[in-house]
Structure formats: C-alpha cells, structure tokens
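Please have a look at the structure first, then read the points in order.

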Amino acid sequence: MRDGIQAVGGDAALKRRAINSMALAALLLGTVWALSIGQAKADDLADGVKAFKPFVVEAIGNTLKGAETMQKAVDAGDAKAAQKAWIDARVGWESIEVITGEFFPDLDESIDVWPDAKKGFHGIEAALFAGNVKDIKPAVDELVANIRAFDKKVGDPAYQFTAQGILNGTAGLAYEIGENKSKGGESPYSGNSLADMRNNIHGIHVAYDVVFEQPLRAKDNALGQKADDEIHVIEAMLKKAPDLKSVDVALLRKTSENLAVDLQEAAGKLGLEKPKLGE
C-alpha cells in the first residue's frame, strides 16, 4: 500500500468517508499536495461513482467560497485579496475538471474557457493580476452566478454521475495536460499554471482510485498497475518542479498521453465505451 489512508477494519464505506474528509481538508488548505491518496477503492463501478460524488461536491463548494470572497474583494477595491481568492477558487475547480466539461459543458464554457476567454476565470485573469478591479466587476458577478448554478446542480441529491462520463472526462483531461496545458500554461497572468496541472492530476488520481482501479485490476491487473504508475509519475514530476519552465514537457506529454491511451484500453475491460481524445 502506498502512503495514505490505511484500511479501517476492512470497511469500504469508512475508507471512502476517510478519503473524502481528507480531500476536503486538502482543498481548504489550498493545496492538493496536503493529501496523500489512500486505497479507498470500490469493488464495482456503481459504488465507485457514488463514492466519488462527495469529493466533487466539496470541491465545487470550495470553489464557490473562493469566488464569493473574490467578489467581495472586488467590490471593496482590494486587488490583492481578490487575486488570492481567485487562486484559492481554482484549487477546487481544477481538481474536478474530470467532470466539468463532460457533464456540464455549457457551464464549463462559461466558467473556464481558455485561451481566448472573454468571461469566466480567464476572462478576468489578466486585468485582475494587473491590479485592475474596477472594470471586472460585471464579469466577476457573472462568474460567481455561474459557479453558484454549477454548485446547485452538483449538490442536488438526485443528481448522479455515470462511470462512462467520469472515464471520458478523466481520459480527456489526462490527454489535455500533455497536449495543451504543458505547452505554455493555462493561467499565465496569475502564475498559477503549474498549480492548475497539479490540481488536475490530483482529480484524475481520485477518480481513478475511487471509481476505476479496483474493477480494472480485477479484469487486468497489469493494466491497472500501469495506469496507477503513470499517475504517480505525473504527480511526482509536477510536485518536484519549482516552476512551469522546470517541467520536463516531453516526458509530461508522453506520460499523460500514455495514461489517456491506457484509460481508453481500460474501457473495454470495464464494459464501457472507448473515450474520445482531443477535439
């Protein structure tokens, strides 16, 4: 077993609650690296999907808190506080990108489109980190409203994700890290691009651990181990790098794309459709 949550009396439900509690603690600390992923794996896909939802709910709740804090700071003309809150809000959002575009494409487009953004996080980023809070208030208000709508949808007890959608989003995000995000960064004006990728791989790790790893290992242990190893390689690369320019882009791209392809292969083992990669 890797460092992280130890087994609690063999009770899978207790382990799932433990990983969700630790995930929330890490988000509130503002860094995913406070969390060591444990072995909170579900025996089947349906249980894994249910166990994954609380992580998403907590993450989007954290994002909303950060966005609302930013809104108050903008209203008060406090650029420094607004900048910090923008970065805080990104932690939760980037960690759940495995589901944002797949399940809520319209809201995802409004909240986090890049690189040619006129609204959302990146629509206000350049002005905000140049110290201009006067002209971004309408865009900030719209961003908060959209995140609030997202939070409401996800938090509805009746709303359920699907294993297919989570796998699509996880494979797609792994591919995006290597193909797009590694090339120049998603958040250049804030200097948050490396943290964005760290949070992305954290979300991929949680989705894989909680939803897919145990069922996949039961079908193909070697493939399950390979995907797990690739996730840890990416995490270690991004954690070790002091800044974006220090990342080995070629290795990151290769490992991320290999992970995406392995998740495509896993689909057949799990009785799911093969995820599409890229546009």
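How many of the 17 residues of H3 are buried?

1. Let us begin with that helix. Of the 17 residues of H3, 12 are buried, so the helix is largely enclosed by the rest of the structure. Buried means under 20% relative accessible area, exposed over 50%, and partly exposed in between, with a 1.4 Å probe and protein chains only. Helices (H or I, at least four residues) and strands (E, at least two) are DSSP runs, numbered from the N terminus. Among the buried residues of H3 are Ala-79, Trp-86, Arg-90 and Trp-93.

2. A word on what you are looking at. This is a predicted model, in which local features need pLDDT of at least 70 and side-chain atom pairs count only at pLDDT 80 or more, while totals for chains, interfaces and linings use all residues. Residues are numbered from 1 along each chain as its sequence is written, and side-chain values use heavy atoms, with hydrogens and water left out.

3. Now for confidence. pLDDT is the predictor's confidence in each residue, from 0 to 100. Its mean for the protein is 87, and 85% of the residues reach 70 or more. Over residues 1-39, however, pLDDT stays under 50. Where pLDDT is low, the predicted coordinates should not be read in detail.

4. Next come the aromatic rings. Rings of Phe, Tyr and Trp (its six-membered ring) pair if their centres lie within 6.5 Å; planes under 30 degrees apart count as stacked, over 60 as edge-to-face and the rest as tilted. The count by this rule is 9 aromatic pairs. In one of them, Trp-93 and Phe-121 have ring centres 6.5 Å apart and planes at 50°, so the pair is tilted. Trp-93 belongs to helix H3 (residues 79-95) and Phe-121 to helix H6 (residues 120-129), so the pair ties together parts 28 residues apart in sequence. Both Trp-93 and Phe-121 are buried.

5. Trp-93 has another partner to look at. Its ring centre is 5.1 Å from that of Phe-150, with the planes at 65°, so this pair is edge-to-face. Here Trp-93 in helix H3 is linked to Phe-150 in helix H7 (residues 137-155), 57 residues apart. Ring pairs join a cluster that includes Trp-86, Trp-93, Phe-121 and Phe-150.

6. Finally, do find Asp-209. This residue is in helix H9 (residues 193-219), and is buried, with a relative accessible area of 2%. Asp-209 and Phe-52 are 157 residues apart in sequence, yet 9.5 Å apart in space, C-alpha to C-alpha.

Notes:
Contact means heavy atoms within 4.5 Å.
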